[in-house]
Amino acid sequence: MVVNVDDVAYYFEMCNDAYFENNLPVPDFDVLHSYKYCAYFSCDKKWLWSKSIYNPKIYISDYYQFSEKQVISLMVHEMIHYYLAINGIDTRGTHGKDFMKMARKLNKKFGLHITEFIDISKLKRSDDAPLLGYWWSKLIY
């Protein structure tokens with residue numbers, strides 16, 4: 001499946017219900033057109049040291065074809081970042097001990113496969129995605 005914004009919203013709603021007891025407020029959603037990142041969570045803070053966030057947004061790339069299981073894993077990964085940020089635990093979005101503890105807990109409880117990173121070399125490029133030569137030409141010119 002190649003995701004679109006509606007898919008990102010759908011999987012957020014589904015995962016929020018199944019894994020986070022609907023405790024996460026609905027953020028904004030968008031699609032990345034990137035080969036480097038499969039998914040991304042972003043938010044703004046008023047001050048660098050602030051623990052409160054605003055403008056949360058979850059992105060999933062449309063560059064790759066994902067299975068439903070992969071989309072769920074990507075979504076839950078980004079939702080862990082969101083959960084930690086909204087609760088003031090980790091507003092920098094790291095894969096530190098709090099992230100890993102929560103990922104292990106969800107993996108064990110629900111049989112998920114949340115990891116720090118995904119090996120993009122094993123993913124199939126979407127039929128509409130430009131070849132990597134396109135990206136290299138953008139860097140050179």
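How many disulfides does the count come to by the rule that a disulfide is a pair of cysteine sulfur atoms within 2.5 Å? The count comes to 0 disulfides.

The structure is a predicted model, in which local features need pLDDT of at least 70 and side-chain atom pairs count only at pLDDT 80 or more, while totals for chains, interfaces and linings use all residues. Residues are numbered from 1 along each chain as its sequence is written, and side-chain values use heavy atoms, with hydrogens and water left out.

**View 1. Overall arrangement of the chain.** The chain holds 4 helices and 5 strands, where helices (H or I, at least four residues) and strands (E, at least two) are DSSP runs numbered from the N terminus. Along the sequence, their pattern is α-β-β-β-β-α-α-β-α. Of the 141 residues, 40% are buried (under 20% relative accessible area, with exposed over 50% and partly exposed in between; 1.4 Å probe, protein chains only).

**View 2. Packing of helices α1 and α2.** Helix α1 (residues 5-19) packs with helix α2 (residues 68-86) at an angle of about 70 degrees, and their axes are 9 Å apart. Axes are lines fitted to C-alpha atoms, for helices over the stretch in contact, and angles run from 0 to 180 degrees between N-to-C directions. The two helices are therefore roughly perpendicular to each other (65 to 115 degrees; under 35 counts as roughly parallel, over 145 as roughly antiparallel and the rest as oblique). Contact (heavy atoms within 4.5 Å) involves Val8, Tyr11, Phe12, Met14, Cys15, Asn16 and Tyr19 of α1, together with Glu68, Val71, Ile72, Met75, Val76, Met79 and Tyr82 of α2.

**View 3. The largest nonpolar core.** A nonpolar core is a set of buried Ala, Val, Leu, Ile, Met, Phe, Trp, Tyr and Cys residues joined through side-chain atoms within 4.5 Å. The largest such core has 37 residues, of which Phe20, Ile60, Met75, Val76 and Ile80 touch the most other members. Two or more residues come from each of α1, β2 (39-45), β3 (53-61), α2 and α3 (97-110); α2 gives the most, with 10 residues.

View 4. Leaving aside residues up to four places away in sequence, Met75 touches Val8, Tyr11, Phe12, Cys15, Ile58 and Ile60. Ile80 lies in helix α2 and counts as buried at 0% relative accessibility.

View 5. Cys15 counts as buried at 0% relative accessibility. Cys38 likewise counts as buried, at 5%.

Key: A disulfide is a pair of cysteine sulfur atoms within 2.5 Å.
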